[in-house]
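The following exercises are each followed by a worked solution.

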Amino acid sequence: ANIDGIITQIEAQYSKYPRHHVNDVLTDLILQAIRSRIHMLDTFLYVNAALVGAVHRVVGLEPVAFLVQRLMEEFEAFFKRGALDASGSEKTQQPAGEAEALTPGKECQNLCVFLAELYNFQVISCQLVYDVIRMCIEDINEFTAELLLKIIRISGVQLRKDDPLALKEIVQQVNETVGKAGAKKFSVRCQFMVESLTNLKDNRMRNTMSASADNVAKLKKFLGNMDKRRSVASVEPINIGLQDIREVDTKGKWWLVGASWVGNQYDPENEGSSAGAREAMRKMQDETGNSEMERLLKLAREQHMNTDVRRSIFITLLSSDDYADAFERLLKLDLKKTQVREAVRVLLHCCGQESAYNPYYTLVAFKMCNYHSSYRLTLQYALWDFLRETGEVDVGGLGRIASEDSGSTGNVPLRRIVNTAKLYAWLVDKQALSLLILKTVTFAKVGPQARIFFQVMFSSIFLQHRKQTEKDTQSLYETFGKATANPTLCHGILFFFHHFVKRCELVEEAERPIMKWGCKVVKQVFRSSAGGNDMSMDF
């Protein structure tokens, strides 16, 4: 309840004193309160994490990055002591009193919980939390199992949502370790940890999460509404890993402006061994490149998937078993309203890059359209953007989505035109999309690339009804009947049919009668809606 007042006072200190001094004092106070030998209540830890999240939004990245660096440095120090104590290698060599003095308390567990809470409040990304998990599974024992159970309990569901592939790899690694050593070698607590990880991977942990989840949700809502009360400086989580923090002395802090330093990356004394190191790195990359995940990540980079959201969508589409699995996994990404656009754009990009038309992407798009109207609207805007790329700069007006490729017009590869046209043809024919998405197209003056697109699109619709049965005729009536709400669009379509579809050279000779049949059916549809007076073109 008093976080807002505390933040106001902290903000005042930053305006009164040097930022570095305030960062130092604030970090010392928070870590000193958390770094306790006794077990700290979850309430105390998540409230402090929420405070740090508020500082992140109001003051900026610098103080939070400083705190996270110090937090991880102290966590590693306590982790090493705890690991040694768990293995028993040090205890037998020290007198009883001295060994007791060296035995760590609950410092490491408290710092670990605080780290997980920082992740819950979007101060840090999942990368750092997964790095801590990988540290723990290197040597599974009572100490590391307790840390893993705390992370799973506090932020397991969010970790699975943000990066399910990383979780899957970790579970596989843990199962291999336990399988090689034998389950009987591990304690009951360790076996429970393995079972919890497996349940988390299989999405069976939602009902066993932390009991304080409701209070955390209220604090998240408070942080999310801060921009309505004051100016917010930063809302993106700090996307750094454990290795980045370990290399601060040699490579600097790349996540802070002006704090990256490359002076120690080159050492003249080790120049002779640098070639061997580079060769070893190439071999390691070649070995890991054989894995499916590495291959997909490399492919994502080649396809310019330059954000975490785009990469996640791309990998989800390419690694799913079928279109239903792909759609379910896309829903589990929990995309925000603006990120839904990226899902459609990545799907259209993948469809256009295929050497031959792949109906898999069309079926995923069909599921999207049936799920929510926002996907249909995004597909409409994406089509307008695509047509502008082909040279139709007047299409769409203000209804457009910003695209990286929007600067280049009139030079779209033929395979992309054909694949995209067939995708939209199927969606229109199945009435997932309406022909009214073409209402901004001026068919009388379309350019050569857009002409090919519409020839392929309309001919594909007709070819799906090649049997020319009564049912096929009724289907065309339903599909093209929706365009009758816009008479200008109907005239444009008939003009295009008369000049470019009726005798379409893109179809085989045996399929041209189907084109003529389809054009006649569509003319009947439009004539019946216009009272038989306006549609005068002869098919």
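**Exercise 1.** Among contacts in the chain between residues at least 6 apart in sequence, what percentage join residues at least 24 apart?

*Solution.* The model is predicted, so local features need pLDDT of at least 70 and side-chain atom pairs count only at pLDDT 80 or more, while totals for chains, interfaces and linings use all residues. Residues are numbered from 1 along each chain as its sequence is written, and side-chain values use heavy atoms, with hydrogens and water left out. A contact means heavy atoms within 4.5 Å. Of the contacts between residues at least 6 apart in sequence, 73% join residues at least 24 apart.

**Exercise 2.** Describe how helices H1 and H2 pack.

*Solution.* Step one: the axes of H1 (residues 3-16) and H2 (residues 19-34) come within 8 Å and cross at roughly 140°. Step two: H1 and H2 are therefore oblique to each other (angles under 35 degrees count as roughly parallel, over 145 as roughly antiparallel, 65 to 115 as roughly perpendicular and the rest as oblique). Step three: Ile10, Gln13 and Tyr14 of H1 meet Arg19, Val22, Asn23 and Leu26 of H2. By class, these residues are four nonpolar, two polar and one charged.

**Exercise 3.** Describe how helices H18 and H21 pack.

*Solution.* Step one: the axes of H18 (residues 339-353) and H21 (residues 414-429) cross at roughly 125° and come within 7 Å. Step two: this pair, H18 and H21, is therefore oblique. Step three: in H18, Leu347, Leu348, Cys351, Gly352 and Gln353 meet Arg415, Arg416, Asn419, Leu423 and Tyr424 in H21. The contact of H18 with H21 has five nonpolar, three polar and two charged residues.

How values were computed: Axes fitted to C-alpha atoms, helices over the stretch in contact; angles between N-to-C directions. Helix = DSSP H or I, 4+ residues; strand = E, 2+ residues; numbered from the N terminus. Nonpolar A, V, L, I, M, F, W, Y, C, P; charged D, E, K, R; others polar.
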